[in-house]
Amino acid sequence: MAVLSDADRAAIAAEYMREIGVDRVGCPVVKATVRAVVNSADDWRNTNAVSYGTAINAAGGTSLSAKEKARLLLRVVEKFFKIS
């Protein structure tokens, strides 16, 4: 796997900044911080993709596609953090 392009990372950071209102007065988060976190999260995802795939396959997930495995992880994280 590869990391996202610089444009994709910038788009994610911009979308997230709009979502949390990073430009509002008193917001403690700065744009550079959001971008650094996006970069770190994508680097982590890239580094750990094989480990996640191995864990899923060991649990019987060999018939799932990479996108299906990603959707499953997204749902687990959303539920854990009560995001959705």
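A residue counts as buried when its relative accessible area is under 20%, as exposed when that area is over 50%, and as partly exposed in between (1.4 Å probe, protein chains only).

Before going on, some ground rules. This is a predicted model, where local features need pLDDT of at least 70, side-chain atom pairs count only at pLDDT 80 or more, and totals for chains, interfaces and linings use all residues. Residues are numbered from 1 along each chain as its sequence is written, and side-chain values use heavy atoms, with hydrogens and water left out.

**Salt bridges**

A salt bridge here is a side-chain nitrogen of Lys or Arg within 4 Å of a carboxyl oxygen of Asp or Glu. The structure holds 4 of them, including these:

| Salt bridge | N to O distance |
|---|---|
| Arg-35 and Asp-6 | 2.4 Å |
| Asp-43 and Arg-9 | 2.6 Å |
| Arg-45 and Asp-42 | 2.6 Å |

Helices are DSSP runs (H or I, at least four residues; strands are E, at least two), numbered from the N terminus. Arg-35 sits in helix H2 and Asp-6 in helix H1 (residues 6-20), so their bridge ties together parts 29 residues apart in sequence. Arg-35 is partly exposed at 22% relative accessibility, while Asp-6 is exposed at 56%.

Asp-43 in helix H2 and Arg-9 in helix H1 make another link between distant parts of the chain, 34 residues apart. Asp-43 is partly exposed at 36%.

Arg-45 and Asp-42 both belong to helix H2 and are 3 residues apart, about one turn of the helix. Arg-45 is partly exposed, at 29%. Through shared partners, salt bridges join Arg-9, Asp-42, Asp-43 and Arg-45 into one network.

**A look at Asp-42**

Is Asp-42 buried or exposed? At 5% relative accessibility, it counts as buried. Asp-42 is found in helix H2, which covers residues 31-58. Contact means heavy atoms within 4.5 Å, and, leaving aside neighbours within four places in sequence, Asp-42 touches Val-3, Leu-4 and Arg-9 in that sense. A polar atom of the Asp-42 side chain lies 2.6 Å from the backbone nitrogen of Leu-4.

**Where H2 meets H3**

Two packed helices are described by the angle between their axes and the distance between the axes. For H2 and helix H3 (residues 66-81), the angle is about 90° and the axes are 11 Å apart. The contact is made by Tyr-52, Gly-53, Ile-56 and Asn-57 of H2 together with Lys-69, Leu-72 and Leu-73 of H3.

Terms used
A polar contact is a pair of N or O atoms within 3.5 Å; within protein, one must be able to donate a hydrogen and the other to accept it, and residues adjacent in sequence count only if both atoms are side-chain atoms. Axes are lines fitted to C-alpha atoms, for helices over the stretch in contact, and angles run from 0 to 180 degrees between N-to-C directions.
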